[in-house]
Amino acid sequence: MDTEKIMRFTLKIWLRLFATALLPGAALAASFTAALDRDTLTLGENATLSLKFSDGQPQATPTPPAVAGLQFQYVGPSSSFSFINGSTSSSITYNYIIAPQRAGEFTIPAFSVVVGGQPLATAPLKLIVSKAGAPSAAAVNSGSEVAFLKLAFPKPKVFLGESAVGRLELYVRDDVSSLNGFQLTSAPTDGFSAGKTVELPNQRRRVQVGNRVYTVIPLAVPLTTVRTGALALGPFTATVVVVLPSQNQGGDPFFRQFFNQGEQRQVQLATETVGVESLPLPEQNKPANFTGAVGDFTMTATAGPTTVTAGDPVTVRVQISGRGSLDGVTLPAQEAWKNFKAYPPTAKLETADQFGFRGTKTFEQIISPLNNDVREIPPLSFSYFDPNDGQYHVLTQPATPLTVKAAGATPLPQIAATKAEEKPAQDILPIKENLGALMQNKIPLVAQPAFLAAQAMPVLAFLGAFIWRKRADNLANNPRLRRQRAVAALVTAGKSDLKKFAAENKPDEFFATLFRLLQEQLGERLDCPATAITENVVEENSILRGAPENLRKDLREQFQLCNQARYAPVRGTAELNSVAAQFEKLLGELQNLKS
Amino acid sequence: MKYWLAILIAVVCAGKILAADISADFAAANKLYAEGKFVEASSAYEKILSTGAQSPALLFNAGNAEFKTGHLGKAIAAYRQAELLAPRDAELRANLAFVRNQVQGATLRESSWQKWVSTLTLNEGAILTAAFFWAMLGLFAVRQIKPALAPKLRTATRLAVALTVFSGAILGLQAANHFTASVAIVTVADATARSGPFDDAQSVFSARDGAELKVLDRHDDWVQVANNAGKVGWLSRQQVEVLPGA
């Protein structure tokens, strides 16, 4: 009995195992896990979040949670399927890149999804993001740093609006065989307006730091101060991928030099913070027309034409050249230009260095003398602050002699009317009183199907003319075709005549016309003169000899009728109509005759 | 027939009534501007523009009102839209140049070829090219119908072909500029361009009110732009007004 129980139990176990092997999917339950590829990282680095579903799949891609300071970017799914010892399993993993925006400790909350009606959840994840810091002097001197960054600013004190080039130096240890992917991840320049960071060409050098040799790659950061006070520059952070010799030094040295590809490593770099004091521009001795230009400048000015009529435009071209933040240099309002109507100037900047700190800014201003009492364009002045000597400077161009002729009668009252209120002050021109034509359709013509379709019309007209020309040329070069058409026209007219003569019972005219039509039609078909066609042609012409007997018989009859009519002309209208009908039938057969 | 005539008359009358209404609104907005009520004038011009009606004068005045209320970007946007309709208006160009000079920081400027092709509107370019094209094919057709006139029409035909090719090339440049070289004009005091189309993406650069930036791409409510230093970033559509190239 016990043996029988054991046998039954064993059989049950085997049956269950067999069923599990045949129906694996039915037996497995879905699972859901969330994992980070690392739980601590430096600001500037990224982590990868993987949401893995085993033996199941959600309806839609899970949406990452909103975590302040973390930015999620969906990368895509990956899936796997395995069949091991008769057991199958599948999984799908949704991957996200996490880019921290600040340092700190973050908690990524639990994910909850429903898979196949079954609610699943993950555990919350912790992520610690630390700030990248500059390596210590001891670490640098020991040579343990593969690469490091240094930031320098040329002056500890600058004036508001002063421009200077900050220097960022990337030190790379001599055993680094390759360097790529250098990317600034953070460049705080609070209180500065920063330009594009560029590598200084031909300035790489090698230096000894501690007991190692480093290659220094200098980068320039053009900076202009935009506020006063204590400013902090940096810390700049960056990442770079370096290739170091592989740690695996085994094998033959000869082959190693060819096959040792080295070890790639991503290095996080950071500089110290550099403090800069931004000083306000002194109020003492500040010129009245100072507009904020800081640097060291020169000025040239030209004006032309210098012989004009009152109200005519004169172009004043002013060139400010030198060193400083030329982008912010503006032409000051010229109070001395009271007798001129001044239009807003246009400016064009031509830089002489890669940072835009040296160059020439050219202003073009149109002015027009308001009356013919004007004798000169008054002296033009421009002032700037030079941070090197801490002084304001005023550049002045002498007056330009001007010959102004009296204007015509019409403009004078306008000038007189506006003279009192018009100033050469800088402002926009007034509004327009007239609304003008209103436009409703904002779609350009070139994008409107109707306009594009209309352009097909001249093309079709040209094609029509072209085809007509080809047909006309074809006809002119083909005498048989021409004759064919002429005979067709003649026969059409002749058939009408036949009906008319039949109706009027004029047998002589009827048969004369019939005979001529027979001659013309046969002459055209047989390609011989119409006058040469007689009844005999039916028997003599090779083409007609090969024609159907019915046609030949009808032709003979028609010719005989024509001949008989000369001698027995008495015919009635009914008979003539019958002959005309026979002739029309004969014509149809003749026109089908191959010539 | 009567039915269609009635519809035509109704459409024409409705158009006239609408134009009369807009003229009255325009005059009222001008009055507000003249009284120094620039904010109200700006709203009034905006209201007219929201009906879909446009005219160079309307956009010019709207630009003036925006400038007077301190909105450099909106003023530049209005002037640039007016410039699309009236590119040779000297007053418009003067005001646009003046407002551009008030913008702080670097900003994008049209290249010389863009300035050159934009002296004609896109529609003017299209009509001119179509006229030369029709004249050329008309002359071709006449030469087919009356070959005897071909020697007399030779110079005119060559001229028509040359003008068609030239104006067609200009139209091509204009269309390429209009449809591909879109410009984003910053309309807020300080816009921060970010590394991605997200509010919490890293900042790449900032642009001041009125800065004109080249549009590279669009994504939902974000516009990818490049400044004249070559920096690329994403700005929210709320921070800019996007206009087609000139």
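Two residues are taken to be in contact if their C-beta atoms, placed from the backbone, lie within 7 Å. In this predicted model, when the contacts in chain B between residues at least 6 apart in sequence are considered, 59% of them join residues at least 24 apart. Chain B is built with eight helices and seven strands, and of its 246 residues, 40% count as buried.

The largest nonpolar core comprises 48 residues, and those that touch the most other members are Y79(B), V99(B), A184(B) and L235(B). Helix α4 of chain B, which spans residues 72-85, supplies the largest share of this core, namely nine residues. When residues up to four places away in sequence are left out, A184(B) touches L213(B), V215(B), V223(B), V225(B), L235(B), V240(B) and V242(B).

Where the two chains meet, 49 residues of chain B are in contact with 37 residues of chain A. On the side of chain B that touches chain A, the elements giving two or more residues are α1 (2-34), α3 (56-68), α5 (90-102), α7 (122-145) and α8 (150-180) of chain B. Among these elements, α7(B) provides the largest share of that side, with 13 residues. By residue type, the side of chain B that touches chain A consists of 30 nonpolar, 16 polar and three charged residues.

In chain A, four strands form an open sheet in the order β1-β3-β5-β4, and their pairing is antiparallel. Strands β1 (31-36) and β4 (70-84) of chain A lie at the edges of this sheet and have a single partner strand each, so one side of each is left without a neighbour in the sheet. From one strand to the next, the twist averages 15 degrees. Within the sheet, strand β3 of chain A (residues 47-54) and strand β5 of chain A (residues 87-100) run antiparallel and are joined by eight bridges.

How values were computed: Residues are numbered from 1 along each chain as its sequence is written. Chains are lettered from A and ligands numbered from 1 in the order in which they are written. This is a predicted model: local features need pLDDT of at least 70, side-chain atom pairs count only at pLDDT 80 or more; totals for chains, interfaces and linings use all residues. Two strands pair if DSSP finds at least two bridges between them. Axes are lines fitted to C-alpha atoms, for helices over the stretch in contact, and angles run from 0 to 180 degrees between N-to-C directions. A nonpolar core is a set of buried Ala, Val, Leu, Ile, Met, Phe, Trp, Tyr and Cys residues joined through C-beta atoms within 7 Å. A residue is buried if 20 or more other C-beta atoms lie within 10 Å of its own, exposed if 12 or fewer, and partly exposed in between; C-beta atoms are placed from the backbone. Ala, Val, Leu, Ile, Met, Phe, Trp, Tyr, Cys and Pro count as nonpolar, Asp, Glu, Lys and Arg as charged, and the others, Gly among them, as polar.
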